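Subject: Structure handover

Hello,

Here is the structure for you to take over. Please open it first; my notes on what was found in it follow below.

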Amino acid sequence: MDDFRDTSTVVDVLGVVGPGGIICLTGVSTGGHPLNFDIGQANRNVVLENNVVFGSVNANLRHWLAGADALARADPDWLSALITRRVAFADFADALKPGPHDVKVVLDLTV
């Protein structure tokens, strides 16, 4: 299937999912194909009809191992800098409030 049809399929599905519907996207399009699509209306439909749209990575074991290897070789200081805030589990609501410098906020279950 070419990229344009892949992209328009996502648009089609967003337009026909019923209330309480769930859409799982298991692939990505390369983009670069303009579409006449009202993303604001789609967003309102998803929110007001309690829909769920989520994605799933289809990587195989080779890809997973390559990612784990890359993380194992990464600079520990760089990796730790990605976690910009740690929030105690008891204060989980604070983790949902975006900070101006947040990259990754994690719940700390040890405090």
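I start with Ala95. Leaving aside neighbours within four places in sequence, Ala95 is in contact (heavy atoms within 4.5 Å) with Arg85, Val87, Val105 and Leu107. Ala95 is placed in helix H5; helices (H or I, at least four residues) and strands (E, at least two) are DSSP runs, numbered from the N terminus. Trp64 is 31 residues from Ala95 along the chain, and the C-alpha atoms of the two are separated by 28 Å.

Some background on how to read the values. This is a predicted model, in which local features need pLDDT of at least 70, side-chain atom pairs count only at pLDDT 80 or more, and totals for chains, interfaces and linings use all residues. Residues are numbered from 1 along each chain as its sequence is written, and side-chain values use heavy atoms, with hydrogens and water left out.

The surface patch

Helix H5 covers residues 92-95, and Phe92 is found in it. Phe92 belongs to a nonpolar surface patch together with Phe89, Leu96, Leu107 and Leu109, and the accessible area of the five is about 570 Å² together. Accessible areas come from the Shrake-Rupley method with a 1.4 Å probe, and for residues only the protein chains shown count as cover.

The ring centres of Phe89 and Phe92 are 6.4 Å apart and their planes are at 35°, so the pair is tilted.

Strand S1 (residues 22-25) holds Ile23, which is buried at a relative accessible area of 7%. Beyond residues up to four places away in sequence, Ile23 touches Val13, Leu14, Val17, Val52, Val53 and Phe54. Ile23 and Asn51 are 28 residues apart in sequence, and 7.9 Å apart in space, C-alpha to C-alpha.

Asn51 lies in the loop between H2 and S2 and counts as buried, at 10% relative accessibility. A polar atom of the Asn51 side chain lies 2.7 Å from the backbone oxygen of Gly18. This is a polar contact: a pair of N or O atoms within 3.5 Å, where, within protein, one must be able to donate a hydrogen and the other to accept it, and residues adjacent in sequence count only if both atoms are side-chain atoms.

Helix ends and a loop

Asp38 caps the N-terminal end of helix H2 (residues 39-48), with a side-chain oxygen 3.1 Å from the backbone nitrogen of Gly40. Just after H2, Asn50 takes a positive phi of about 55°.

Asn60 is in the loop between strand S2 (52-55) and helix H3 (61-73). The side chain of Asn60 reaches the backbone nitrogen of His63 at 3.0 Å, and a polar atom of that side chain lies 3.0 Å from the backbone nitrogen of Arg62.

Regards

Definitions and conventions: Patches are made of residues with over 30% relative accessible area and no salt bridge: like charges are joined within 9 Å, nonpolar side chains (Val, Leu, Ile, Met, Phe, Trp, Tyr) within 5 Å. A salt bridge is a side-chain nitrogen of Lys or Arg within 4 Å of a carboxyl oxygen of Asp or Glu. Buried means under 20% relative accessible area, exposed over 50%, partly exposed in between (1.4 Å probe, protein chains only). Rings of Phe, Tyr and Trp (its six-membered ring) pair if their centres lie within 6.5 Å; planes under 30 degrees apart count as stacked, over 60 as edge-to-face and the rest as tilted.
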